[in-house]
Amino acid sequence: MAARRVRAGVERALERRLGVDTAEHVYHEDLGVATENRVWHDPSAWLALRRALRRLTPTEDDVFVDYGSGLGRALLVAAELPFRRIIGVEVSEALNERARANISRKAGRARCNDVELVAADALEWDVPPDVTVAYLYCPFTGDVFDGVLARMLASIDEHPRPLRLVYNYPVEHERVLASGRVRLLDAISSVWPPGSLRAPEVILTYLALPCDASLADEYIARFPRRLRRGRHWLGPYRPHFVLEKPARLGGVVLDAESKS
Ligand SMILES: C[S@@+](CC[C@H](N)C(=O)[O-])C[C@H]1O[C@@H](n2cnc3c(N)ncnc32)[C@H](O)[C@@H]1O
């Protein structure tokens, strides 16, 4: 509880210092946007997000996309790193407008100034052939998740390249594994101070593999795993997650335990 209060204080202080407004929970019901298999706006935690993206050691050859970019927090963190370009895909144009304002207001030097915001359903969005890092903070579930993942895999088959998926609060981890087309590279705690790697408070990074086996081997050699041995979540993984909306919107909406 005390750690949660400290975390909330740190988040508020960071927002003030950066001059941005990305902390709000925003619900699709209030925006007149359909809700099925879509998760509302809740921002990634600043510090864990920074840590996860820095661990990728991106270069100017990398292009970053945030699936479900919301108020733009992940885009702001990505812009601190030397990505060639950054794309946010967000189903709500109202959120995109606020993200645009955050990007223009943010204090401090950005290392990447090429940030594009696309208003689209990720399920219908064509993955640009140069995207190499895809970030997802639990933006969607179920069939939508499967459809988006299938589009990413089709994109690397058509335009072979290493593509890393950074999945924060990975409730659909088993769907990722079921694709048979990924290798888990890294896992860090998504809370501060970093706790154990208890699901779902983890950020998992996977390498998406092309269907060409020799190319897949080449990419695997290029991105060594950073996993430590003996972590329990590497075995059978049950996120046991619960997503909660306010009571006026129905309270608990999704629970992997009761689904299975
Ligand atoms: C949990 S928030 C993450 C916000 C941001 N990525 C971050 O890390 O701070 C999920 C976001 O995904 C968006 N979203 C949900 N379903 C989507 C879809 N099918 N296509 C595009 N965006 C979607 C929501 O509107 C919301 O802004």
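Ala, Val, Leu, Ile, Met, Phe, Trp, Tyr, Cys and Pro count here as nonpolar, Asp, Glu, Lys and Arg as charged, and the others, Gly among them, as polar. On that basis, the shell around the ligand in this predicted model divides into 13 nonpolar, 6 polar and 6 charged residues.

**Ligand shell**
- Among the 25 residues around the ligand, those that come nearest are R38, S44, G68, G70 and P139.
- Two or more residues of this shell are given by each of the elements α4 (73-78) and β2 (85-90).

**Nonpolar core**
- The largest nonpolar core holds 64 residues, of which A78, I86, A134, Y135, M152, Y206 and A208 touch the most other members.
- Once its neighbours within four places in sequence are left aside, A208 is in contact with M152, L153, I156, L163, L165, R181 and V182.

**Helix α3**
- Helix α3, which spans residues 46-54, has W46, A48, L49, A52 and L53 buried.
- Viewed down the axis of α3, these buried residues fall within an arc of 170°, and they therefore line one face of the helix.
- The cover over the buried residues of α3 includes α1 (2-18), α4, β5 (163-168), β6 (182-189) and β7 (202-208).

**Strand β1**
- In strand β1 (residues 63-67), 5 of the 5 residues are buried, and both faces are covered, with V63, V65 and Y67 on one side and F64 and D66 on the other.
- Strands β1 and β2 run parallel and are joined by 5 bridges, and D66 has G88 of β2 as its bridge partner.

How values were computed. Residues numbered from 1 in each chain as written. Predicted model: local features only at pLDDT ≥ 70, side-chain atom pairs only at ≥ 80, totals over all residues. Near = placed C-beta within 6 Å. Helix = DSSP H or I, 4+ residues; strand = E, 2+ residues; numbered from the N terminus. Core = buried A, V, L, I, M, F, W, Y, C linked by C-beta atoms within 7 Å. Buried ≥ 20, exposed ≤ 12 C-beta atoms within 10 Å, placed from the backbone. Contact = placed C-beta atoms within 7 Å. Arc of directions from axis to C-beta. Pairing = 2+ DSSP bridges.
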